[in-house]
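Please read these comments with the structure open beside you.

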Amino acid sequence: RDFCLSRGLGDVYKRQLLNTLDTYSYLSINIIAILMNICLENTNIIKKEILSHQKGLDLATAQLKYTSKQRQDEDPMLLVRKAGLLARLVSEKTVQDYLFKVDNYKLLCQRILLTPVDGEGDAQLNKCLYDECTHYIRILASLTLPSAASAAEPYIRIGSECGVPGALLQVFPTPRRDGGEVTPTSVTLMPAELPPALLIGK
């Protein structure tokens with residue numbers, strides 16, 4: 001009985017949260033984090049419901065079009081959460097179709113080039129930039145390019161022109177330099193710094 005009651009209340013709260021999508025002017029970091037978490041259910045029903053709301057797709061993608069000024073005015077953690085929400089929704093056809101529009105694909109590639117800020121006291125901001133970039137790499141990795149070479153070529157060209165290959169190399173772990181001679185053993189040594197778990201396999 002308690003389980004059914006808690007499950008029922010959870011559904012009520014979930015419904016109230018989703019209903020705010022059409023009326024929001026600002027959603028807090030915590031609300032977007034909750035949206036990210038409820039996207040983890042296995043049926044994809046929640047993802048589809050978020051995207052069925054008029055502002056659902058906009059909430060997850062608006063930051064791709066932010067100007068530098070808009071990014072400066074936004075809470076860095078909010079940008080991370082919005083990128084994380086987009087990463088959770090990217091498997092849905094609505095999102096894939098949106099991101100495969102050439103202009104939007106270019107904006108996505110440019111987000112992978114987020115530059116850390118120099119100077120002391122910016123460690124938290126740099127952490128947010130790194131986490132945001134990590135989400136965008138996951139999003140890019142989740143997009144399935146067209147199988148025909150002619151159809152895929154524009155996207156490959158955009159990625160190359162935006163400098164995505166070089167940017168991806170920057171997130172690889174720093175190589176070890178204490179391995180000595182290259183041997184079957186030395187090439188399997190763990191790197192000095194491991195990449196984030198979110199990036200492994202992407």
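**Notes on the model**

1. At a relative accessibility of 14%, cysteine 162 is buried, because the cut-off for buried is under 20%. The model is a predicted one, and this value is computed from it.

2. Cysteine 162 takes part in no disulfide: the nearest cysteine sulfur belongs to cysteine 109 and lies 5.1 Å away. A disulfide would need the two sulfur atoms within 2.5 Å. The count of disulfides in the structure is 0.

3. Cysteine 39 is also worth a look. Its relative accessible area is 3%, so cysteine 39 is buried.

4. Is glutamate 74 buried or exposed? Its relative accessibility is 16%, so glutamate 74 counts as buried. This residue sits in the loop that joins helix H5 (68-73) to helix H6 (76-89). Beyond its neighbours within four places in sequence, glutamate 74 contacts Tyr66, Leu79 and Lys82.

5. The largest nonpolar core has 44 residues. Which of its residues touch the most other members? They are Leu35, Leu85, Leu99 and Tyr136. As background, nonpolar side chains tend to be buried together in soluble globular proteins.

6. For leucine 99, the contacts outside four places in sequence are Leu64, Val90, Asn104, Tyr105, Leu108, Ile139 and Leu143.

7. On confidence, the protein chain has a mean pLDDT of 81, with 78% of its residues at 70 or more. Over residues 1-9 the pLDDT stays under 50, and the model has 0 contacts beyond four places in sequence for them.

How values were computed: Residues numbered from 1 in each chain as written. Predicted model: local features only at pLDDT ≥ 70, side-chain atom pairs only at ≥ 80, totals over all residues. Heavy atoms only, no water. Helix = DSSP H or I, 4+ residues; strand = E, 2+ residues; numbered from the N terminus. Buried < 20%, exposed > 50% of the residue type's maximum accessible area, 1.4 Å probe, protein only. Contact = heavy atoms within 4.5 Å. Core = buried A, V, L, I, M, F, W, Y, C linked by side-chain atoms within 4.5 Å. pLDDT = per-residue confidence, 0-100.
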